[in-house]
Amino acid sequence: MRSQIPTKSGSSYTALCTMLQVSDQDAQKTLEDFTGALDGYLSPSSVAVLEEVNAGTRLVGITTEGMARQKILEGADITVIYPTDGTSAIPDATAIVKGAKHMENAKLFLEFTVSSDVQRLVEEAFFRRTVRNDMEEYAASEQTKLKTIDYDIHWASQEKEKILNTWETLQGRTDEKVD
């Protein structure tokens, strides 16, 4: 099994918190079991996870759906498998800074980012799911396989330091600063 380092990767931290949120055991035990399964192997990036699985040097990898889909279209001999316990599907976001100098332009840009044309481009070019609920997703056939959890972002934020310190201790890397 191969994973990225959650202290350095937001998507890796989200995957770790998703695992903690779906697990029936306590967080400490889940982290212990997971780090034990990794056997010290950590990839430097989501792309490296995919390359190692594609090359056969690792049997399983945890990465983002978009990157996996892109690698498959590029010819990688890998398969995307969604956890039956559920996975997170955190939407991307755009926002307007409070007190923006050009509020009308900011609103127009925000509307542009969520328009059907841009969302279709995001799906087709970046293999990301749309944030709109009125568009058929490119991954509609996969959608039926995707069981999403109610990801608790507030909990993940509140517990971040504790989770990452535990992760670092279990990995034997107590000398790195967790931010």
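Leu164 counts as buried, at 1% relative accessibility (buried means under 20% relative accessible area, exposed over 50%, and partly exposed in between, with a 1.4 Å probe and protein chains only). The model is predicted: local features need pLDDT of at least 70, side-chain atom pairs count only at pLDDT 80 or more, and totals for chains, interfaces and linings use all residues. Residues are numbered from 1 along each chain as its sequence is written, and side-chain values use heavy atoms, with hydrogens and water left out.

Leu164 lies in helix α9. Its C-alpha atom is separated by 7.3 Å from that of Pro6. Along the chain, Leu164 and Pro6 are 158 residues apart.

The chain holds nine helices and zero strands. Here helices (H or I, at least four residues) and strands (E, at least two) are DSSP runs, numbered from the N terminus. The order of elements from the N terminus is α-α-α-α-α-α-α-α-α. Of the 179 residues in the chain, 32% are buried. The accessible surface comes to about 11500 Å². Carbon and sulfur atoms hold 52% of that surface. Areas were computed by the Shrake-Rupley method with a 1.4 Å probe, and for residues only the protein chains shown count as cover. Among contacts with a separation of 6 or more, 58% join residues 24 or more positions apart. Contact means heavy atoms within 4.5 Å.

Helix packing was examined next. Two packed helices are described by the angle between their axes and the distance between the axes. Helix α1 (residues 10-22) packs with α9 at an angle of about 95 degrees, and the axes lie 12 Å apart. Axes are lines fitted to C-alpha atoms, for helices over the stretch in contact, and angles run from 0 to 180 degrees between N-to-C directions. The angle makes α1 roughly perpendicular to α9 (under 35 degrees is roughly parallel, over 145 roughly antiparallel, 65 to 115 roughly perpendicular, and the rest oblique). From α1, Tyr13, Leu16, Cys17 and Leu20 make the contact. Lys160, Ile163, Leu164 and Trp167 contribute from α9.

Ile163 of helix α9 is buried, at 5% relative accessibility. Not counting residues up to four places away in sequence, Ile163 touches Tyr13, Leu16, Cys17, Leu20, Leu31 and Trp155. Ile163 and Leu31 are 132 residues apart in sequence, yet 8.6 Å apart in space, C-alpha to C-alpha. Gln171 also has its place in helix α9. Gln171 counts as buried, at 14% relative accessibility. Thr35, Leu38 and Leu42 are its contacts, again leaving out residues up to four places away in sequence.

Aromatic rings were then searched across the whole structure, and two aromatic pairs were found. Rings of Phe, Tyr and Trp (its six-membered ring) pair if their centres lie within 6.5 Å; planes under 30 degrees apart are stacked, over 60 edge-to-face, and the rest tilted. Phe34 and Trp167 form a tilted pair, 6.0 Å centre to centre and with 35 degrees between the planes. This pair links distant parts of the chain: Phe34 sits in helix α2 (residues 27-38) and Trp167 in helix α9 (residues 160-171), 133 residues apart. Both Phe34 and Trp167 are buried.

Phe109 and Phe112 form a tilted pair as well, 6.2 Å centre to centre and with 40 degrees between the planes. Both lie in helix α5 (residues 103-113), three residues apart, about one turn of the helix. Phe109 is exposed, at 51% relative accessible area. Phe112 is partly exposed, at 49%.

Charges over rings were also located. Such a charge is NZ of Lys or CZ of Arg within 6 Å of the ring centre and within 35 degrees of the ring normal. Arg58 lies over the face of Tyr41, 3.8 Å from the ring centre. Lys160 lies over the face of Tyr13, 5.7 Å from the ring centre. Lys160 and Tyr13 also take part in the α1 and α9 contact.

In helix α3 (residues 46-55), the buried residues are Ser46, Ala48, Val49, Leu50 and Glu52. Their cover includes α1 and α4 (65-73). Gly56 follows α3 and has a positive phi, near 85 degrees.
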